[in-house]
Amino acid sequence: MEPWLAALIILGAAALSAAGMLIVRRRAPAGTFFKDPIPAGAVYTVAGTAYMVILAFVFFIAFESYGGAKADAEEEATATLAMFHAAGPFGPTTRAELQAQMICYAREVISDGWPAMREGETSSVVGARVSAMEESAEQVPVNDVKQAAAFEHWFALNEERRQGRQGRIGEAEGLVPPVVWLILIIGAVVVIASVALFADREEAAATQAAMAAAIAIIVVSGLVLVRFLDKPYEDKSGSIKPTAMERTLAQMEREHRERGQAVIRCTDFAG
């Protein structure tokens with residue numbers, strides 16, 4: 001979510017809450033709607049605290065999910081670069097093919113895999129590339145102990161890459177289910193609206209409007225933050241982008257150019 005949109009939502013909720021308080025205040029009796037506001041205040045405090053505990057718990061889970069998504073993307077990119085280097089001990093033809101596959105994989109993750117994740121889907125293009133890459137590796141001739149060790153190492157790194165990819169794809173669907181969102185939104189409405197019951201026409205209007213606005217800002221800010229963390233791959237400010245894979249791709253292409261090899265065209269290696 002863009003910062004300006006988040007600010008607009010939060011400030012809009014604060015303005016509506018303040019306006020609602022001022023409207024209710026005109027019809028409120030002197031001394032609030034309660035004969036004794038102390039017990040009512042205690043009940044509101046308990047209800048508000050219970051809601052914020054629930055919101056904090058959901059926030060913690062969403063934050064863990066966001067951090068896990070970022071770590072999975074880093075793991076995938078690191079394993080991809082390591083696989084590129086692990087192809088070194090193989091023969092020139094095999095090494096060139098495997099390294100080209102890794103470069104194409106990184107390109108397609110960036111260009112096709114990430115946009116697909118934003119829609120909560122997987123990329124068939126990247127899936128085909130993975131199949132082609134693994135088929136190429138399975139056909140590698142192993143001629144000595146060094147190459148056998150390199151072969152096992154390459155597939156171990158491929159498993160790390162696979163785990164990183166599956167992890168980031170799993171996080172793309174969002175962790176907070178609709179029923180939880182429903183509970184959070186209903187709770188937010190109750191907490192914010194209940195402030196109007198403490199309207200008192202004998203109190204200063206600005207003070208009561210500020211009280212309602214402050215409650216709305218705190219509650220809505222929490223909801224906006226959970227929404228941001230629950231959609232980690234949106235193409236918005238602060239979202240997780242394929243930065244790690246872009247660094248990996250840049251390094252692989254630089255090393256490829258430094259060896260004076262031909263430009264890689266990924267259509268030549270389609271799965």
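Start by selecting Gly120: this residue follows helix α3 and has a positive phi, near 75°. (Helices here are DSSP runs of H or I with at least four residues, numbered from the N terminus.) Before moving on, a word about what's on screen: this is a predicted model, where local features need pLDDT of at least 70 and side-chain atom pairs count only at pLDDT 80 or more, while totals for chains, interfaces and linings use all residues. Residues are numbered from 1 along each chain as its sequence is written, and side-chain values use heavy atoms, with hydrogens and water left out.

Now step back and select residues 92-118, which is α3 itself. Its 27 residues reach 38 Å from first C-alpha to last, close to the 39 Å expected at 1.5 Å a residue (the expected span being 1.5 Å times one less than the number of residues). Look for Val109, where α3 bends by about 45°; that is the angle between axes fitted to the seven residues ending there and the seven starting there.

The link ties together distant parts of the chain, since Cys104 sits in α3 and Cys266 in the segment after α8, 162 residues apart. The structure holds one disulfide, and both Cys104 and Cys266 are buried (under 20% relative accessible area; exposed is over 50%, partly exposed in between, using a 1.4 Å probe and protein chains only).

Next, go to Ser239, in the loop between α7 (205-230) and α8 (243-258). Ser239 counts as buried because its relative accessibility is 9%. Show its side chain: it reaches the backbone oxygen of Glu234 at 2.7 Å. Among the residues that Ser239 touches are Tyr66, Phe228 and Pro232, where contact means heavy atoms within 4.5 Å.

Over in α7, select Gln208. Buried or exposed? Gln208 is buried, with a relative accessible area of 6%. Its contacts include Met21, Arg25 and Phe198.

Last stop: Ala128, in helix α4 (residues 124-138). Ala128 is partly exposed, at 28% relative accessible area.

Conventions: Helices (H or I, at least four residues) and strands (E, at least two) are DSSP runs, numbered from the N terminus. A polar contact is a pair of N or O atoms within 3.5 Å; within protein, one must be able to donate a hydrogen and the other to accept it, and residues adjacent in sequence count only if both atoms are side-chain atoms. A disulfide is a pair of cysteine sulfur atoms within 2.5 Å. Lists of a residue's contacts leave out its neighbours within four places in sequence.
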